[in-house]
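Visitor: I am new to this structure. Could you show me how to read it, one feature at a time?

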Amino acid sequence: QVHLVESGGGVVQAGGSLRLSCAASGIIFAMYAVGWYRQAPGKQRELVAAIHSVGSTNYADSVKGRFTISRDNDKNTVYLQMNSLKPEDTAVYYCNAAYYYTGGRADYWGQGTQVTVSS
C-alpha cells in the first residue's frame, strides 16, 4: 500500500520560512517524479515545484528564487524549502508522486498540509 505523508506546515509571518517534507512508502521512490502542489480557498490546485527521478527541477514563476525542492532517495523523502513567504503563499500544500510507463501513469497524493502566511 502506498502512502505519502506531508509535514512541516504551519503559521508563519510574511518573510519567514518553512520546510515541508513528503515521506513516501510502498513505492520505489527513486523512480518517481515528485511534485508539490497547492490549493488556496476558491482556487484551482496548482503546481508549485517538481523534481524528477533524475534530479531535474522546475518551479512555478511565482515561487522561483524563493522555494527550493530537493529529494533524498535514501530516506524516501522530498522537501520543499520555502523562504521569503508571502500571504499569497497561503494554501494547502499537497505532495504528488508520479511514475510514467508505456501506456499510462501511476500517481499518488498525500493528504495535504496547511501553510498560512500572515501579513
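**A buried loop residue and its surroundings**

Guide: Start with Asp-89. Beyond its neighbours within four places in sequence, Asp-89 is in contact with Arg-38, Arg-66, Phe-67, Ser-84, Val-115 and Val-117. Keep in mind that this is a predicted model.

Visitor: Where is Asp-89 found?

Guide: Asp-89 is in the loop between β8 and β9.

Visitor: Is Asp-89 buried or exposed?

Guide: Look at relative accessibility. Buried means under 20%. Asp-89 has 1%, so Asp-89 counts as buried.

Visitor: Which polar partners does the side chain of Asp-89 reach?

Guide: There are two to look at here. The side chain of Arg-66 makes a polar contact with the side chain of Asp-89, at 2.8 Å. The backbone nitrogen of Lys-86 is also reached by the Asp-89 side chain, at 2.8 Å.

Visitor: Ser-84 was among the contacts of Asp-89. Where is the place of Ser-84?

Guide: Ser-84 also belongs to the loop between β8 and β9. Its relative accessible area is 41%, so Ser-84 is partly exposed.

Visitor: What should I look for in the backbone of Ser-84?

Guide: Check phi. Most residues other than glycine have a negative phi. Ser-84 has a positive phi, near 50°. Asn-76 has a positive phi too, near 50°.

Visitor: Where does Asn-76 sit?

Guide: Asn-76 is in the loop between β7 (67-72) and β8 (77-82). With 24% relative accessibility, Asn-76 counts as partly exposed.

Visitor: Which residues is Asn-76 in contact with, leaving aside its neighbours within four places in sequence?

Guide: They are Cys-22, Ala-23, Ala-24, Ile-27 and Phe-29. Now try a distance. Asn-76 and Val-54 are 22 residues apart along the chain, and their C-alpha atoms are separated by 14 Å.

Visitor: Cys-22 is on that contact list. How many disulfides does a search of the whole structure find?

Guide: First the general idea. A disulfide is a covalent bond between the sulfur atoms of two cysteines. Here the search finds 1 disulfide. It joins Cys-22 to Cys-95, with an S to S distance of 2.0 Å.

Visitor: Are Cys-22 and Cys-95 buried or exposed?

Guide: Cys-22 counts as buried, at 0% relative accessibility. Cys-95 is buried, with a relative accessible area of 0%.

Visitor: Which strands pair with β3?

Guide: Take β1 and β8. Strand β1 (residues 3-7) runs antiparallel to β3, and 5 bridges join them. Within this pairing, Leu-4 has Ala-24 as its bridge partner in β3. β3 and β8 also pair in the antiparallel sense, over 6 bridges. There, Gln-81 in β8 is the bridge partner of Arg-19.

Visitor: How do side chains lie along a strand?

Guide: In a regular strand, side chains alternate between the two faces of the sheet. For a strand residue here, take Trp-36, in strand β4 (residues 33-39). Trp-36 is buried, with a relative accessible area of 0%. Trp-36 and Leu-80 are 44 residues apart along the chain, yet their C-alpha atoms are separated by 7.6 Å.

Visitor: How many aromatic pairs does the structure hold?

Guide: It holds 4 aromatic pairs. Look for the cluster: ring pairs link Tyr-32, Tyr-99, Tyr-101 and Tyr-108.

Visitor: Which rings have a charged arginine end or an arginine over them?

Guide: Look at Trp-109 and Phe-29. The charged end of Arg-45 sits over the ring of Trp-109, 4.7 Å from its centre. Arg-71 lies over the face of Phe-29, at 4.8 Å from the ring centre.

Terms used: Residues are numbered from 1 along each chain as its sequence is written. This is a predicted model: local features need pLDDT of at least 70, side-chain atom pairs count only at pLDDT 80 or more; totals for chains, interfaces and linings use all residues. Side-chain values use heavy atoms; hydrogens and water are left out. A disulfide is a pair of cysteine sulfur atoms within 2.5 Å. Buried means under 20% relative accessible area, exposed over 50%, partly exposed in between (1.4 Å probe, protein chains only). Helices (H or I, at least four residues) and strands (E, at least two) are DSSP runs, numbered from the N terminus. Contact means heavy atoms within 4.5 Å. Two strands pair if DSSP finds at least two bridges between them. A polar contact is a pair of N or O atoms within 3.5 Å; within protein, one must be able to donate a hydrogen and the other to accept it, and residues adjacent in sequence count only if both atoms are side-chain atoms. Rings of Phe, Tyr and Trp (its six-membered ring) pair if their centres lie within 6.5 Å; planes under 30 degrees apart count as stacked, over 60 as edge-to-face and the rest as tilted. A charge sits over a ring if NZ of Lys or CZ of Arg is within 6 Å of the ring centre and within 35 degrees of the ring normal.
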